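User: I have a model to go through and would like some questions about it answered in turn.

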Amino acid sequence: MVARILISACLLGHPVRYDGAAKPLIHPAIDQWRREGRLVSICPELMAGFAVPRPPAEIAEGRSGEAVLAGHGRVVQANGTDVTELYVAGAQAALALAREHACRFALLIDGSPSCGSRLIHDGTFSGRKQGGAGVTTALLRRHGVEVFANTEIEVLRNRLSQTSGQRIPS
Ligand code: SF4
């Protein structure tokens, strides 16, 4: 069986971001993986029940997705509404889908409080980013999924060539 890859729905061109936009990733590897049946599309925020469009949200106080999972961080919308539980629910839904499809890898868009893997916003809603991962990425990594940012597609391609694809640990 080919190694499957969870992929942010907005990278596949679906207009599901908070502002109703998509961020399609145009790369030959995407076409190849689609043909091979490797791609499993996810949007943790829609899976949690958010609509499009929705207010932007960030992890508060410069914390990370790992801190949120540990109960030491919150996800808030720009108007101050605490949406932590929904972000955790979205992450759990993404993990369930990863397990259902035996995904060992994920390619997620950077900067999102859900899907970020190298960068997230700093919680000030000023556009500033800092190193860190979103809530979904943190949960997937906890459970053995290797998460790559959209800027690391070549790294993922090389990684795939090294593996025959294994089930993620439970
Ligand atoms: Fe894209 Fe992830 Fe945000 Fe959904 S949660 S819109 S897949 S970045």
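User: Which residue stands opposite F105, and in which strand?

Analyst: This is a predicted model, where local features need pLDDT of at least 70, side-chain atom pairs count only at pLDDT 80 or more, and totals for chains, interfaces and linings use all residues. Residues are numbered from 1 along each chain as its sequence is written. Strands here are DSSP runs of E with at least two residues, numbered from the N terminus. The residue opposite F105 is E146, in strand 8.

User: Over how many bridges do strand 5 and strand 8 pair?

Analyst: Two strands count as paired if DSSP finds at least two bridges between them. Strand 5 covers residues 103-108 and runs parallel to strand 8. Their bridges number 4.

User: Which strands are the edge strands of the sheet?

Analyst: The open sheet has 4 strands with parallel pairing, in the order 2-1-5-8. An edge strand pairs on one side only. The edges are strand 2 (39-42) and strand 8 (146-149).

User: Which residues have the most contacts inside the largest nonpolar core?

Analyst: A nonpolar core joins buried Ala, Val, Leu, Ile, Met, Phe, Trp, Tyr and Cys residues through C-beta atoms within 7 Å; buried means 20 or more other C-beta atoms within 10 Å of a residue's own, with C-beta atoms placed from the backbone. The largest such core has 46 residues. Its largest share, 7 residues, comes from helix 4 (residues 84-100), a helix being a DSSP run of H or I with at least four residues. Those with the most contacts inside the core are Y87 and A106.

Technical notes. A residue is buried if 20 or more other C-beta atoms lie within 10 Å of its own, exposed if 12 or fewer, and partly exposed in between; C-beta atoms are placed from the backbone.
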